[in-house]
Amino acid sequence: MAYLSIKNVHKVYPNGTHAVDNFNLEVEKNDFVVILGPSGCGKSTMLRMIAGLEGITSGEMILDQKKINGLSPKDRDIAMVFQNYALYNHMSVYDNIGFSLLVRKKNRRIVHEKVLNASSIVQITDDQLKRKPDQLSGGQKQRVALGRTITRDTKLFLMDEPLSNLDAKLRGSMRVEIMELYRTCGLTVVYVSHDQIEAMTMATKIVLMNKGVIEQIGTPQYIYDHPANLFVATFLGTPQINLIPGEVKEGKFIHPQFEIELDQYKTSTNDRVFLGIRSEALEIVSENGDFEIAIDYVEFLGAKSIVYGFLDQTGVAVQTKERVADSEKCQVKIHKNKVVLFDAKTTRALEEERI
Ligand code: ADP
Ligand code: MG
């Protein structure tokens, strides 16, 4: 059985909001699971239910072979880090980090050892230990909050958008620090974020949510390459995945301007589809392209450029490392093995028949 097993969990708030709808997830020891999704999709509600800060309406949660549904937060062996740090401003940084040990009346020497060990892991200096949290920067405060969770020796670490109050540069370096902490201490983490970059760079497993429902679970690479539906396809990746409308018949994708053979799709449907193809799986070629686009503008990003253009009315983005000539039109080639087809009506990905 998985380390943390969440089965058929629903949450309906007293005001009738159905915040989480039939949530199922298995978290293995040493997993770094990122629950990802737009604001209001139920991420924090789910995390707070794991922590026991919010009751579940129905379902079951098992941690380390023990049913935790009815347990109070302090009996769950779970530590949580919040977006706003949740530090005690009237206490020193030292006491904040050792808080859970001090309230459990642990021996002073043990407290001292654990506080020093935790602060060295999260790089809090002796001088900073003496200060009050208010006298620290945002990044340092979040380190203190992380340090406080380390002293607790808990089974599971929950983090709710811990980096979203930090500026972009600090966010990048704290991301690296959290990953180091995760690796060196062998943590099991469930991390909530609305930021796809955080999810892609940190997760061993992404749970992508939308409107209270899980849209897809998988490794970052898997969901990026094999999105289950249009929501997942468009939520991950910048620029957004290209979606070209057309039909599929006997293994061919048919658009008014062009046709291509797709070996992996044998099925014929008479329904409308979208051909999904990421900008890096398209290529600008001088001749024999699959279709032609009218260039709208080129975004120069240093190591690469993104060419934005139109195929009829459909916007198309193509990544290229070449310098693009200032022409009005260009030929584009599709890397066919990277294509994903979506049923336009159901928005679900069509079954592939990989050989
Ligand atoms: P996220 O963390 O993904 O932004 P939340 O879990 O905070 O989303 O919220 C999910 C939904 O539940 C939202 O529609 C939100 O307005 C609603 N919600 C959150 N907390 C409460 C509450 N205490 N009472 C009623 N509705 C709530
Ligand atoms: Mg939230």
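## Contacts and overall build

Two residues are in contact when their heavy atoms lie within 4.5 Å. Take the contacts in this protein between residues at least 6 apart in sequence: 65% of them join residues at least 24 apart. The model is predicted.

The protein has 10 helices and 20 strands. Its C-alpha trace spans about 75 × 45 × 40 Å along the principal axes. Of the 355 residues, 48% are buried. The accessible surface comes to about 17,600 Å². Carbon and sulfur atoms hold 47% of that surface.

## Charges

The protein carries 44 positive and 45 negative side chains. The centres of these two sets lie 10 Å apart.

Side chains of opposite charge can pair when their charged atoms come close. A search of the whole structure turns up 13 salt bridges. Three of these pairs are described below.

Lys-11 forms a salt bridge with Glu-54. Their closest N and O atoms are 3.3 Å apart.

Is Lys-11 buried or exposed? Lys-11 is buried, because its relative accessible area is 6% and the cut-off for buried is under 20%. Glu-54 has a relative accessible area of 21%, so Glu-54 counts as partly exposed.

## A bridge within one helix

Arg-109 and Glu-113 also meet through their side chains in a salt bridge, at 3.3 Å from N to O. Both residues lie in helix H4 (residues 108–121). They are four residues apart, about one turn of the helix.

Arg-109 is exposed, with a relative accessible area of 56%. Glu-113 is partly exposed, at 48%.

## A bridge between two helices

Which residue meets Arg-143 in a salt bridge? The partner is Glu-177, and the N to O distance is 2.8 Å. This pair, too, links distant parts of the chain. Arg-143 is in helix H6 (residues 138–150), while Glu-177 is in helix H7 (residues 168–185). The two are 34 residues apart. Both Arg-143 and Glu-177 are buried.

Some salt bridges share partners.

Notes
Residues numbered from 1 in each chain as written. Chains lettered and ligands numbered in written order. Predicted model: local features only at pLDDT ≥ 70, side-chain atom pairs only at ≥ 80, totals over all residues. Heavy atoms only, no water. Salt bridge = Lys/Arg side-chain N within 4 Å of Asp/Glu carboxyl O. Buried < 20%, exposed > 50% of the residue type's maximum accessible area, 1.4 Å probe, protein only. Areas by Shrake-Rupley, 256 points an atom, 1.4 Å probe, with all protein chains shown as cover. Lys, Arg positive; Asp, Glu negative; His and termini not counted. Charge placed at Lys NZ, Arg CZ, Asp CG, Glu CD.
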